[in-house]
Amino acid sequence: MITTKFNEGDILIDRYTIVEYLAAGGMQEVYYSHDIVLDRFVVLKTPKQGVKDRRFKRGAEMGAKIHHSNVASTLDYYEDDELTFMIEEYIEGKDLGKRLEEDFYYLDPHLASHVIKNLTKSLVEAHGNGICHRDLKPSNIMVSNDLNMSKIKLTDFGISKLAENEMAREIELFEKDNNTLTTSQTLFGAVPYMAPECWDDWKNAGQPMDIWALGCIAYHLLNGEPPFGTGRRAIRDVARYQDGIFKLKKPATFGRHKSVEALEDELWHLIQECLNPDASVRPTADDVLARFDEICYSNDERFRGVIESYGIPFDSTGFIRDIDTAEKWFYHSSEVYGKSSFEAGEEVCFNTFPGYPRGRCATVLILKN
């Protein structure tokens, strides 16, 4: 049984009704709540026991400075002798980490580009306001449940200052006791996306650390796992990468699909630039966004379907049936992403373009059933 500060039905300051406990991060508890005054649903975040409230307030103030469609808005803050909490915009959907865990094996380059570009937009806004996120990872990115992930919002800018001291303390503890990595949820979750300079001087690592994390997330989307793995392996391989011993390999699927060869090349060059061990020469968020303005990718509407056949009428072709309309669409295996091998009966999302005698699937992405 989960023990939390608040219970379902609790009403805070005669305004916010606790509807449901959602999750706990390294430094906060998160609740789905109802704003009685404005009749809307919101997210209520409160610091976990032992976290200094004054830093939570500073974090909320920072989050409130950012106003952008790709950033979850900080709406309210309250503090007295007994209570401390902030109110944040509620986003219908899941965090990106859960979508990768539950819905996708990995993303095709088109959908990955859409996610990365919108995430970059949030960093441009934050960095332009002098704010570094400091804990950029898939679990801090909320995305809508639709197959196109049309809404993408970065969350938890409000605890960036809170994370600063907590992470510095845990890095110091890790240097004394490596077991800290497995006992600290905050540190363990951050490690796969943590820039090398963070280990040298966490507090003075700046905005380039967000760019490194952006590169790691881009790689994760395209390959199904972070570039340096997780846990101790990630720490070891980042250090080896700094020394030129570890060579970063292209995502395993790159080079298999001729139709996206140019897009893959653009994404690979961008990932390599973001993952430069030298923080001073990494591109800025503005640089990355400018590159995306020149990159050509598609985010046409995607539909849910099932692979009905493979090897018909030719060895590398088959038909997909739309789940909602039962219409059949022709596809070629060169347009299938998500797994190295597949078979009839697997669920997919796909977009289409006209063809004869049947319309054709342009991009097919296998989903986790």
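**Local features of loops in the predicted model**

With a relative accessibility of 32%, Asp-80 counts as partly exposed, a class that lies between buried, under 20%, and exposed, over 50%. This value, like the others reported here, was computed from a predicted model. Asp-80 is located in the loop that lies between strand S5, which spans residues 74-79, and strand S6, which spans residues 84-89.

On the surface, Asp-80 belongs to a patch of negative charge in which it gathers with Glu-79, Asp-81 and Glu-82. A residue must have over 30% relative accessible area to be part of such a patch, and the relative accessible area of Asp-80 is 32%. Two contacts of the Asp-80 side chain can also be described. The side chain of Asp-80 makes a polar contact with the side chain of Tyr-78, at 2.7 Å, and the side chain of Asp-80 also reaches the backbone nitrogen of Glu-82, at 2.7 Å.

In the loop between strand S1 (11-12) and strand S2 (16-24), Ile-13 has a positive phi of about 45 degrees, although Ile-13 is not a glycine. Asp-14, which is also found in the loop between S1 and S2, is likewise a residue other than glycine with a positive phi, in this case near 60 degrees. As for accessibility, Ile-13 is partly exposed, with a relative accessible area of 31%, whereas Asp-14 counts as exposed, its relative accessibility being 72%.

Another cis peptide bond joins Tyr-356 and Pro-357, where omega is about 5 degrees, and the place of Pro-357 is in the loop that runs between strand S14 (347-353) and strand S15 (360-366).

How values were computed. Residues are numbered from 1 along each chain as its sequence is written. This is a predicted model: local features need pLDDT of at least 70, side-chain atom pairs count only at pLDDT 80 or more; totals for chains, interfaces and linings use all residues. Side-chain values use heavy atoms; hydrogens and water are left out. Patches are made of residues with over 30% relative accessible area and no salt bridge: like charges are joined within 9 Å, nonpolar side chains (Val, Leu, Ile, Met, Phe, Trp, Tyr) within 5 Å. Accessible areas come from the Shrake-Rupley method with a 1.4 Å probe; for residues, only the protein chains shown count as cover. A salt bridge is a side-chain nitrogen of Lys or Arg within 4 Å of a carboxyl oxygen of Asp or Glu. Lys and Arg count as positive and Asp and Glu as negative; His and the chain ends are not counted. The place of a charge is taken as NZ of Lys, CZ of Arg, CG of Asp or CD of Glu. Helices (H or I, at least four residues) and strands (E, at least two) are DSSP runs, numbered from the N terminus. Buried means under 20% relative accessible area, exposed over 50%, partly exposed in between (1.4 Å probe, protein chains only). A polar contact is a pair of N or O atoms within 3.5 Å; within protein, one must be able to donate a hydrogen and the other to accept it, and residues adjacent in sequence count only if both atoms are side-chain atoms.
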